[in-house]
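Here's a quick briefing to read alongside the model. Have the sequence open as you go through it.

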Amino acid sequence: MKSFFFKKKKYSIDSNGVITRKSHSNIALIKYWGKHKNKIQIPSNSSISYSLGEVYTVTRLSYEIKKRNFSLRVFFSGKEKTSFIPKILEFFHRISFYCSYLRDFNFIIETYNTFPHSSGIASSASSMSSLALCIMEIEKKLVSSLKKDFLLKKASFLARLGSGSACRSIYPGLVVWGSHQSIKGSNNLYAIQYPYKIHPIFTKMVDTILIIDETPKKILSSKGHQLMKNHPYAKERFKNANKNMDRLISILKIGDLQEFGKLIEHEALTLHAMIMTSRPYFIWMKPNTLNVLHNVWDFRMQSKKNIYFTLDAGANVHLLYPIQEKKYIIKWIYSDLFFYCKKIIESFCL
Ligand code: DP6
């Protein structure tokens, strides 16, 4: 993408500085699962997510003009993490084509999350997007005329190169990534804010996250995406995801909560079906994930409340429902579901 290249040949900047940026996690309603072969971080289908309040990463990026060799140190929650360096180095390498100035500095990255790392809550999304935002702040120091629109667009473009879902975390609200014929402006290189009418019911949704399992995932999503390459059902899945996007557009417009629920639950179970039918196969759900899902279905039948689940690449459950129904539902969650959880995180869709 030509316009994202940093073209300035000469620039001046303070020899060192510190930038802090915060970025929210997101939960996909239509899932990104599978990438194009032989292309870097291009999704096989379009996806859409809600960015989440209360669930975020704060990144502090300290930079210093490089005197000799490049150096990078990474701290997570105050502790130095050399194990994070390869992924960040790969990210820096990928984006250095678009941010050539990165080669002039040494960096210290300090970061913390408000949620458990590698538990199925998209920590790579919020951490890569907050890092991308920090980097774009450096670029802004070099190009004073840089507009906010461009800053966010390029931050999303860069974040995508770190982790696909991270490109959606740059924006609040409903965010689309991946080219879709019915969504104007949607593209594979960066995310955009959902551009069409959203019924008010979908602008104030609660997301209560049930942490069923805090241990790091056995199959990381980057490996999981690869398993879609030779997956027997991949083609159908990608077609279906795009059809679901069309359905979601009309659901969001008319405010049909029940259809919304059916769609997001089907998407979540499809994602899990994909990993269960990969080679090698895997099950992310734990017994308590299933206990929660069945409880949600029973409760919904009996109470007629609009509460629906979605899942990420892990055992945890996201419960989505309109804020108007929160009082009743949250009481039920603590009384009937707490037993199955390690922790409950009360979040909301931004
Ligand atoms: C299941 O964005 O973590 O959360 O691009 O390899 O870093 P990489 O994958 P990642 O995949 C997220 C997959 C998902 C669904 C989604 O968020 O759309």
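A residue counts as near a molecule if one of its heavy atoms lies within 4 Å of it. By that rule 17 residues surround the ligand, and the closest are Tyr32, Ser163, Gly164, Ser165 and Asp312. Keep in mind that this is a predicted model, where local features need pLDDT of at least 70, side-chain atom pairs count only at pLDDT 80 or more, and totals for chains, interfaces and linings use all residues. Residues are numbered from 1 along each chain as its sequence is written, and side-chain values use heavy atoms, with hydrogens and water left out.

**Around the ligand**

- Ser163 has a side-chain N or O atom 2.7 Å from an oxygen atom of the ligand.
- Gly164 uses its backbone instead: an N or O atom there lies 2.7 Å from a ligand oxygen.
- Arg168 also has a polar side-chain atom 2.7 Å from an oxygen atom of the ligand.

**Two domains**

- The chain splits into domain 1 (2-193) and domain 2 (201-348), with bounds that come from an automatic or database domain assignment.
- Taken over C-alpha atoms, the centres of the two domains are 25 Å apart.

**Where the domains meet**

- On the domain 1 side 36 residues are in contact with 46 residues of domain 2, contact meaning heavy atoms within 4.5 Å.
- The size of an interface is often given as the accessible area lost when the parts come together.
- Here the buried area is about 3300 Å², with carbon and sulfur atoms giving 67% of it; that is the accessible area (1.4 Å probe) that two parts lose on being put together, summed over both.
- Eleven residue pairs, both at pLDDT 80 or more, are in polar contact across this interface (a pair of N or O atoms within 3.5 Å; within protein, one must be able to donate a hydrogen and the other to accept it, and residues adjacent in sequence count only if both atoms are side-chain atoms).
- Strand 1 (16-30), strand 2 (47-65) and strand 6 (174-177) each supply at least two residues of the domain 1 side; strands are DSSP runs (E, at least two residues), numbered from the N terminus.
- Strand 2 gives the most to that side, with eight residues.

**Salt bridges**

- The structure as a whole holds 13 of them.
- One of them joins the side chains of Glu110 and Arg60 (3.1 Å, N to O).
- Glu110 sits in strand 5 (residues 105-113) and Arg60 in strand 2, so this pair ties together parts that are 50 residues apart in sequence.

Conventions. Helix = DSSP H or I, 4+ residues; strand = E, 2+ residues; numbered from the N terminus. Salt bridge = Lys/Arg side-chain N within 4 Å of Asp/Glu carboxyl O.
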